[in-house]
Amino acid sequence: MNTANVRMVAAPDGMPVVDRKEEGRRKPLVEVREQPTQATRVPAQTVGRATVDDPVMTTRHVNVFYGDKQAITDVSLDIARNEVFAMIGPSGCGKSTFIRCLNRMNDTIESARVEGAITLDGQDIYERRQDVVALRARVGMVFQKPNPFPKSIYDNVAYGPRIHGLADHRIELDEIVQTSLKNAGLWDEVKDRLQAPGTSLSGGQQQRLCIARAMAVSPDVILMDEPCSALDPIATARIEDLMDELRQNYAIVIVTHSLQQAARVSGRTAYFHLGHLVEVGDTDRIFTNPRHKLTEDYITGRFG
Ligand SMILES: Nc1ncnc2c1ncn2[C@@H]1O[C@H](COP(=O)(O)OP(=O)(O)O)[C@@H](O)[C@H]1O
Ligand SMILES: [Mg+2]
């Protein structure tokens with residue numbers, strides 16, 4: 001039985017009292033199925049301010065379809081510079097679909113179709129001239145499962161700078177690799193074994209290696225889709241600590257199913273529901289004073 005829309009009410013007069021416990025209430029409880037009310041429907045417009053004054057990315061009226069099935073409906077949202085922006089919502093609400101729009105990863109899914117306008121520094125990233133490889137260097141991505149290349153630790157980080165021609169000499173490349181590993185909080189653990197395979201590291205180290213790899217090409221934005229869900233609590237804490245430092249240089253967009261994590265790491269939070277952006281605002285405000293019933297139900301654990 002789905003208990004979500006069921007509440008207990010007093011039975012009509014005349015029904016027998018079945019339980020001593022119920023005698024005090026005079027009437028036994030029976031189930032009534034409630035129709036969803038207006039308040040539990042997605043709002044016609046996103047609640048809260050979805051725009052910022054100096055955005056690094058903007059999205060306007062974004063719709064995404066997989067074949068005939070619509071997964072994202074009319075989402076408009078800005079990402080600010082130097083912020084950690086969290087996206088939360090129940091499984092299947094479109095968080096991954098939406099974050100993949102931001103660096104055109106949905107291009108790799110044959111049935112996916114993206115409508116609307118998405119800009120990076122004012123430039124339309126879906127225009128025909130856009131070089132998608134260059135875009136993904138500027139909007140890097142870290143996935144749920146760490147996915148180092150089957151290469152050495154060094155070559156994992158050097159890969160991007162090499163293909164984008166960012167270093168003319170070995171010494172410059174060494175410098176980029178070292179800085180990226182330091183900024184990812186991994187240098188001290190790997191500096192003596194840079195030629196070891198990336199896959200020889202622990203899960204948490206591999207995820208920091210993937211973050212270093214994303215940073216090595218000096219992106220503007222780093223997208224993270226549930227980056228800690230395959231990690232233990234200690235490895236998770238290290239990544240969370242890292243995010244605040246990363247924010248000094250990048251905008252970070254993180255999808256997380258952990259409300260505690262969203263509350264700890266982000267400055268703004270967006271709540272998605274059935275492909276709609278229900279509410280967005282400062283993380284403190286969203287968690288202490290949600291304005292929409294669906295947001296409130298989700299963050300208080302009544303849904304999802
Ligand atoms: N590659 C795909 N092909 C078809 N449908 C998909 C695909 N990826 C996701 N979907 C559907 O799109 C909706 C949103 O999924 P997703 O973006 O993965 O949500 P979330 O990340 O919030 O769990 C779901 O109904 C899901 O089944
Ligand atoms: Mg997902």
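Student: Why do α4 and α7 count as roughly parallel to each other?
Tutor: In this predicted model, helix α4 (residues 153-163) and helix α7 (residues 203-215) pack at an angle of about 30 degrees, with their axes 7 Å apart. The two helices are therefore roughly parallel to each other (angles under 35 degrees count as roughly parallel, over 145 as roughly antiparallel, 65 to 115 as roughly perpendicular and the rest as oblique). Axes are lines fitted to C-alpha atoms, for helices over the stretch in contact, and angles run from 0 to 180 degrees between N-to-C directions. Helices are DSSP runs (H or I, at least four residues), numbered from the N terminus.

Student: Which residues of α4 and α7 make the contact?
Tutor: Helix α4 contributes Ile153, Asn156, Val157, Tyr159 and Gly160, and α7 contributes Leu209, Ala212 and Arg213. Contact requires C-beta atoms, placed from the backbone, within 7 Å. These residues divide into five nonpolar, two polar and one charged. Ala, Val, Leu, Ile, Met, Phe, Trp, Tyr, Cys and Pro count as nonpolar, Asp, Glu, Lys and Arg as charged, and the others, Gly among them, as polar.

Student: And at what angle do α4 and α5 cross?
Tutor: The axes of α4 and helix α5 (residues 170-183) cross at roughly 115 degrees and come within 9 Å. That makes α4 roughly perpendicular to α5. The contact is formed by Tyr154, Val157, Ala158 and Pro161 of α4 with Leu173, Ile176, Val177, Ser180 and Leu181 of α5. By class there are eight nonpolar, one polar and no charged residues.

Student: What about α7 and α8, at what angle do they cross?
Tutor: Helix α7 and helix α8 (residues 233-246) cross at roughly 25 degrees, and their axes come within 9 Å. They are therefore roughly parallel to each other. Among the contact residues are Gln207 and Ile211 of α7 and Arg238 and Leu242 of α8; the contact divides into four nonpolar, three polar and two charged residues.

Student: Changing topic, which residues surround ligand 1?
Tutor: The shell includes Tyr66, Gly92, Cys93, Lys95, Thr97 and Ile109, where a residue is near if its C-beta atom, placed from the backbone, lies within 6 Å. Helix α2 (residues 95-101) supplies the largest share, three residues. Four shell residues are nonpolar, seven polar and one charged.

Student: What pLDDT does the chain average?
Tutor: The average is 89, and 87% of the residues score at least 70; pLDDT is the predictor's confidence in each residue, from 0 to 100. Over residues 1-27 it is below 50, although this stretch has 29 contacts in the model beyond near neighbours in sequence. Where pLDDT is low, the predicted coordinates should not be read in detail. Local features need pLDDT of at least 70 and side-chain atom pairs count only at 80 or more, while totals for chains, interfaces and linings use all residues. Residues are numbered from 1 along each chain as its sequence is written, with chains lettered from A and ligands numbered from 1 in the order in which they are written.

Technical notes:
Two residues are in contact if their C-beta atoms, placed from the backbone, lie within 7 Å.
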